[in-house]
Structures are given as C-alpha cells and as structure tokens.
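I opened the model to follow how its parts pack together. My notes follow the order in which I looked things up.

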Amino acid sequence: MENSRPAIQIHHKHCDELAFRQRRAASLKRNSTRTASGCRRTLDYWRPAGKANAEEGSSSRTQTALEPCFVAFQPKTAIMLEDQAPAQWRGCRHVRPEEALHWAAMPPLPLCTLTARELHHISSSTIGHYEQSAAAFWQGTKDHDVSQNVEAFLRHVRGAPPLALLDLGCGPGRDLAAFRARGHEPVGLDGAASFVAMARAHSGCEVWQQDLLRLDLPPRRFHGIFANAVLFHVPSQELPRVLGELRDALLTGGVLFASNPRGPDLEQWHGARYGTYLSWPRWRDSMTESGFEELEHYYRPEGRPRSEQPWLASVWRKRTSPDGPG
Ligand SMILES: C[S@@+](CC[C@H](N)C(=O)[O-])C[C@H]1O[C@@H](n2cnc3c(N)ncnc32)[C@H](O)[C@@H]1O
C-alpha cells in the first residue's frame with residue numbers, strides 16, 4: 001500500500017548519536033527563525049566547525065564541538081542532508097516526521113514557505129546546474145527508454161496526428177524528436193539556453209526558453225502537455241499556480257502527463273538543484289485541486305518492487321465540470 005510517509009532507515013548503531021543530537025536539536029529549535037506566516041524556516045542545521053554560516057534565506061549556526069552536521073528541520077519534516085552527511089550516515093536519508101518529533105521534539109509543519117527572492121534563486125540555480133552539464137546530460141539521457149511514458153501520455157490524448165503538444169522541460173530534445181517522428185507538432189520549453197539550442201537541433205521543433213516559475217503560455221493551445229522529470233523542480237507553494245497555468249494552456253479535454261521522483265512530502269536542495277518530493281496522495285490532491293481528473297498512474301522503472309521504483313508517473317485530463325477549475 002502506498003504510504004504518504006515512507007519509512008526511513010535509521011541504523012541501530014546511530015541511535016546513541018541521535019539521542020545526542022536530540023539535545024542539540026532542542027536548543028537549535030529555540031534559535032530557529034520564523035517566516036511571516038509563522039512557519040519555521042528551512043535549513044537550520046549544524047555545519048562543520050569553522051565553516052561559514054551564510055546561506056541565502058536561511059539561518060544556520062556553527063557548532064564548533066560537533067562533527068559535520070546534516071540535520072535540517074524542514075517544515076513538516078526533518079531531513080538529513082545527504083550532501084553534508086558524513087559517509088557513515090549516507091544510507092540514512094529522510095527522517096520520518098514521527099521520528100523527528102521523537103528526537104527533536106518538533107511540531108509538524110507544512111512544506112517550505114519561500115520568498116520571491118528565494119524562488120528566483122531556486123530557478124536560476126537549478127537551471128544553471130543543467131546549463132553547466134548540458135552536454136553530459138544529453139550523453140547520459142539520450143538513450144533512456146521513456147516509451148512507457150510517451151505511450152501512456154499519447155493513448156489519452158484525443159484526436160489524430162498532428163496534435164499540438166508541449167514538452168515542458170524538454171531538456172535536449174529526446175522526446176520532442178519522438179513526438180515529431182509520430183507525426184505530431186510538438187513545441188519544447190526549457191529554461192536552459194543550451195538545452196533550447198540542442199532541442200531545436202535534435203528535433204527541428206520550435207522550442208521556447210522560459211522559466212517554469214514565470215511561464216507565459218498561450219491559452220487553450222495544446223492537446224497535451226508532457227512533463228517528464230521536470231515538475232519536481234517547482235517548489236510546493238508554487239505548484240497550484242503553475243499547474244493552473246498548464247491547465248489554462250490546454251484545450252478542452254487536454255491531457256497532462258507528469259513523472260516525478262516521489263518522496264515523503266519534502267523539498268530540498270541537491271547540490272545546486274532544488275527538488276520537491278511528494279507522495280502520491282499529496283500529488284494527487286495538488287492535481288485534483290488544480291482542475292485535473294486522474295486517468296492513470298504508475299511507478300517506474302517497470303517490473304521492480306515498489307521500494308525500487310522512485311518515479312511516480314501520472315496522466316490527467318483537464319476537468320471541465322462546473323465544480324472545479326477548468
Ligand atoms: C531532469 S531534466 C528532464 C529533461 C527531459 N524532460 C528529460 O526527460 O530528459 C529537468 C529539466 O527541467 C528544466 N528546468 C529545471 N528547472 C527549470 C525552470 N525553473 N524553468 C525551466 N526549466 C527548468 C531543466 O533545464 C531540465 O531540462
């Protein structure tokens with residue numbers, strides 16, 4: 001059964017260390033900042049001794065007596081920052097809220113609340129990451145088999161080719177080329193200039209350079225929108241707005257496909273990239289509240305146990321009923 005809060009593994013051998021950190025966490029909690037809406041800010045964490053405290057939009061403190069620290073108190077959950085964790089901790093990633101409550105005595109809080117400046121930073125840093133690794137990304141993903149996703153998307157889009165499709169976050173253009181080869185008229189969209197150029201070259205399609213958080217889409221233009229491995233870069237607080245903009249860009253009865261890495265409803269940095277990792281219930285609610293009805297969902301890669309299927313793919317139709325947006 002799908003659980004909105006997947007269990008994490010805290011190895012027994014770490015329990016003493018956690019108890020120790022619990023005491024530290026309690027004092028850290030008292031020092032954490034609060035946003036205007038009353039939510040605790042993210043990224044209160046201990047850092048390696050002597051490292052700088054400055055982190056945009058966050059408060060952090062140096063704990064000279066501690067080894068490298070990696071516990072972050074995100075709203076609603078506490079996480080271990082994989083990047084900062086010492087090697088022996090890297091297997092332990094997400095701390096269940098219940099577990100965090102136990103050792104950090106923290107109340108559950110919602111997902112992140114971000115300022116306009118933080119949102120801008122999230123976009124530019126994430127896009128910058130892809131920009132810098134554009135050539136390697138193409139080499140590493142051009143042969144990825146996402147035909148399961150392409151098929152799931154196209155079987156729900158009504159009408160015969162050529163259909164107007166938007167490949168949102170198209171990257172270097174692998175799937176644009178696949179849609180075009182099937183006789184459709186896809187348009188690509190990506191924030192990374194290098195990907196836009198590569199996608200045009202690889203597919204021969206029109207490709208727009210836009211930021212997901214500042215979309216400028218024509219209303220009621222597309223039969224379908226394909227968002228493969230991209231919407232998880234949208235912070236949760238912006239998701240309803242972005243999903244609403246995608247809905248508005250769809251024709252009546254239009255279809256939205258999304259595949260995202262799933263998680264226990266948290267968002268965090270991975271290096272220079274920002275990601276939001278939602279459970280199926282939370283993702284389903286976001287889509288439903290944004291005016292979509294579910295067509296199907298499944299987990300990837302195919303044929304593996306659920307614990308080895310990090311990707312959640314789902315297909316949605318723009319709702320036209322009077323009881324919701326659309
Ligand atoms: C994991 S890649 C997926 C690319 C492609 N859809 C695929 O399946 O290979 C994520 C894509 O989202 C784009 N992206 C990330 N954040 C973005 C933003 N704020 N605005 C526009 N594009 C963004 C990246 O440039 C990148 O192409």
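**Notebook: helices, sheet and core**

I started with Gln148, which lies in helix α5. Helices here are DSSP runs of H or I with at least four residues, strands are E runs of at least two, and both are numbered from the N terminus. This is a predicted model: local features need pLDDT of at least 70, side-chain atom pairs count only at pLDDT 80 or more, and totals for chains, interfaces and linings use all residues. Residues are numbered from 1 along each chain as its sequence is written.

*Confidence.* I checked pLDDT, the predictor's confidence in each residue, from 0 to 100. The protein chain averages 73, and 64% of the residues score at least 70. Over residues 1-110, pLDDT stays under 50. Where pLDDT is low, the predicted coordinates should not be read in detail.

The cut-offs are 20 or more other C-beta atoms within 10 Å for buried, 12 or fewer for exposed, and in between for partly exposed, with C-beta atoms placed from the backbone. I then looked for contacts, meaning C-beta atoms, placed from the backbone, within 7 Å. Leaving aside neighbours within four places in sequence, Gln148 touches Arg300 and Glu302. Pro301 is 153 residues from Gln148 in sequence, yet their C-alpha atoms are 9.5 Å apart. Helix α5 covers residues 147-154, and its buried residues are Asn149, Ala152, Phe153 and Leu154. Their cover includes β9, β10, β13 and β14.

*The sheet.* In which order do the seven strands of the open sheet come? I read β8-β7-β6-β9-β10-β14-β13, with mixed pairing. The edge strands, β8 and β13, each pair on one side only. Two strands pair if DSSP finds at least two bridges between them. Strands β6 (164-168) and β7 run parallel, joined by five bridges. Leu166 has Val187 as its bridge partner in β7. Four bridges join β7 (185-190) to β8 (206-209), again parallel. Val187 stands opposite Glu206 in β8. From β7 the chain passes through helix α7 (193-203) to β8, a right-handed β-α-β crossover. Right-handed means that, with the strands pointing away from the viewer, the path from the first strand over the helix to the second runs clockwise.

*Helix α6.* Residues 174-181 form α6, where Arg174, Asp175, Leu176, Phe179 and Arg180 are buried. Their cover includes α4, α5, β6, β7, α7 and β9. After α6 comes Gly183, with a positive phi near 90°.

*Helix α8.* Ala249 is found in α8 (239-249). Why does Ala249 count as buried? Ala249 has 22 C-beta neighbours inside 10 Å, so Ala249 counts as buried. Beyond four places in sequence, its contacts include Leu166, Leu217, Pro218 and Ile225.

*The core.* How many residues does the largest nonpolar core have? I found 52. Such a core is a set of buried Ala, Val, Leu, Ile, Met, Phe, Trp, Tyr and Cys residues joined through C-beta atoms within 7 Å. Among those with the most contacts inside it are Phe153, Leu166, Ile225 and Leu256. Leu256 is in contact with Ile225, Ala227, Leu246, Leu250, Phe292 and Trp316, leaving aside neighbours within four places in sequence. In soluble globular proteins, nonpolar side chains tend to be buried together.

Key
Contact = placed C-beta atoms within 7 Å.
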